[in-house]
Amino acid sequence: MKKFFPIYVRVPLLFGIFFILVEWLAGGSSDKPAFIEHPIVLILLALFLFALIAVEIVASATNKVLEKLMTPEERAEKAREESLPLSQAPWVKKLMSKMTRSKGIEEEHNLLLDHDYDGIKELNNELPPWWVGLFYATIIFAVIYLLRFEVFGGDSQVMEFEKEMAHAKEQVEEYKKNAPDMLTAEQAVFLTDPADLAVGKTLFDTNCAVCHKADGGGAIGPNLTDDHWILGGGMMHIFNTISEGGRPGKGMVPWKSTFKPSEIEKIASYVITLNGTVPAEAKAPEGDIIWSKADLDKGEDEASTNEAEQVDVNQADDSSDN
């Protein structure tokens, strides 16, 4: 046995099995293993490793003493057994004998049945214990399976899949609520932190000022400092306009492939801070008054409702004019 599993294999293997067992029983979190969360586990592992090495040392010393006490014939027999291939090793033969209960040729006369078919005789061999055990295991499994799913109404594979998918969907939605780069226009909020507004100003000056001017007074693009908005004001509409672009053919290009949602939220917040300022050469107002910075004082829900109602009114007016 030790020929096939030397000490440098036995010790790591046994320690690894013990380590996995202790981790499973101690129940460490997904972030940290149990031996870090619970120091007693580390002590237990260290003691087991020490005991394992001590046992191997004692066993090795004992074997050396026994070898010295052996007669030459016993040493020769031991050497012969150690030189045998694995299939002929005594412990393998003993294991196979227990697993199969096979009989030697010399015992066949005890197994012969009375049946004789033209000189062909039959042996009454026992079924191998491993096969019988496996057969009984399948029966036990079938009974448990029947009770679990047919009597007590356990979840089928389809039901388990649907539950897992629903749970995964809930986790994704929960993650989206807090993930800064998975924001939607409806989730965007006005940021007041000076650091966020500074980032928004930097991005605006680098990418937006060429069309809207650095002070927001408007050039090719519309004036961002008044209360008139072509595609709607407020965080939701400004975020959506930056992300999806302006009017087809003559409006602003979509920036969603350039900026992350969290960056668009910062730019939109900075744009809102420009509302009410007085640029040097402001462009004439364009669009309708459907939102002003004062709406922020009403709360996000009320402001969004007012925006939606005003947009509906404007669309109705445009339809009547046509």
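**Close-up views of a predicted model**

View 1. Residues are numbered from 1 along each chain as its sequence is written, and side-chain values use heavy atoms, with hydrogens and water left out.

The largest pocket holds about 580 Å³ of space. Of the 29 residues lining the largest pocket, His212, Pro222, Leu224, Thr241 and Met252 are the closest to its centre. On a 1 Å grid over the protein atoms alone, a pocket is an open set of points where a 1.4 Å probe fits, with protein on both sides within 12 Å along at least five of seven lines, and lining residues have an atom within 4 Å of a point. The volume is the space filled by probe spheres set on the points, which are joined across faces, edges and corners. At least two lining residues each come from helix H8 (194-207), helix H9 (209-212), strand S3 (228-229), helix H10 (234-244) and helix H11 (261-274). Helices (H or I, at least four residues) and strands (E, at least two) are DSSP runs, numbered from the N terminus.

**View 2. The axes of H8 and H11 come within 8 Å and cross at roughly 90°.** That makes H8 roughly perpendicular to H11 (65 to 115 degrees). Axes are lines fitted to C-alpha atoms, for helices over the stretch in contact, and angles run from 0 to 180 degrees between N-to-C directions. The contact divides into eight nonpolar, three polar and four charged residues.

**View 3. Proline 128 sits in the loop between strand S2 (120-123) and helix H6 (129-151).** With a relative accessible area of 23%, proline 128 is partly exposed (buried means under 20%, exposed over 50%, partly exposed in between; 1.4 Å probe, protein chains only). Leaving aside neighbours within four places in sequence, proline 128 touches Met99 and Thr100.

**View 4. Leucine 42 belongs to helix H3 (residues 39-69).** Leucine 42 is partly exposed, at 46% relative accessibility.

Notes
This is a predicted model: local features need pLDDT of at least 70, side-chain atom pairs count only at pLDDT 80 or more; totals for chains, interfaces and linings use all residues. Angles under 35 degrees count as roughly parallel, over 145 as roughly antiparallel, 65 to 115 as roughly perpendicular and the rest as oblique. Ala, Val, Leu, Ile, Met, Phe, Trp, Tyr, Cys and Pro count as nonpolar, Asp, Glu, Lys and Arg as charged, and the others, Gly among them, as polar. Contact means heavy atoms within 4.5 Å.
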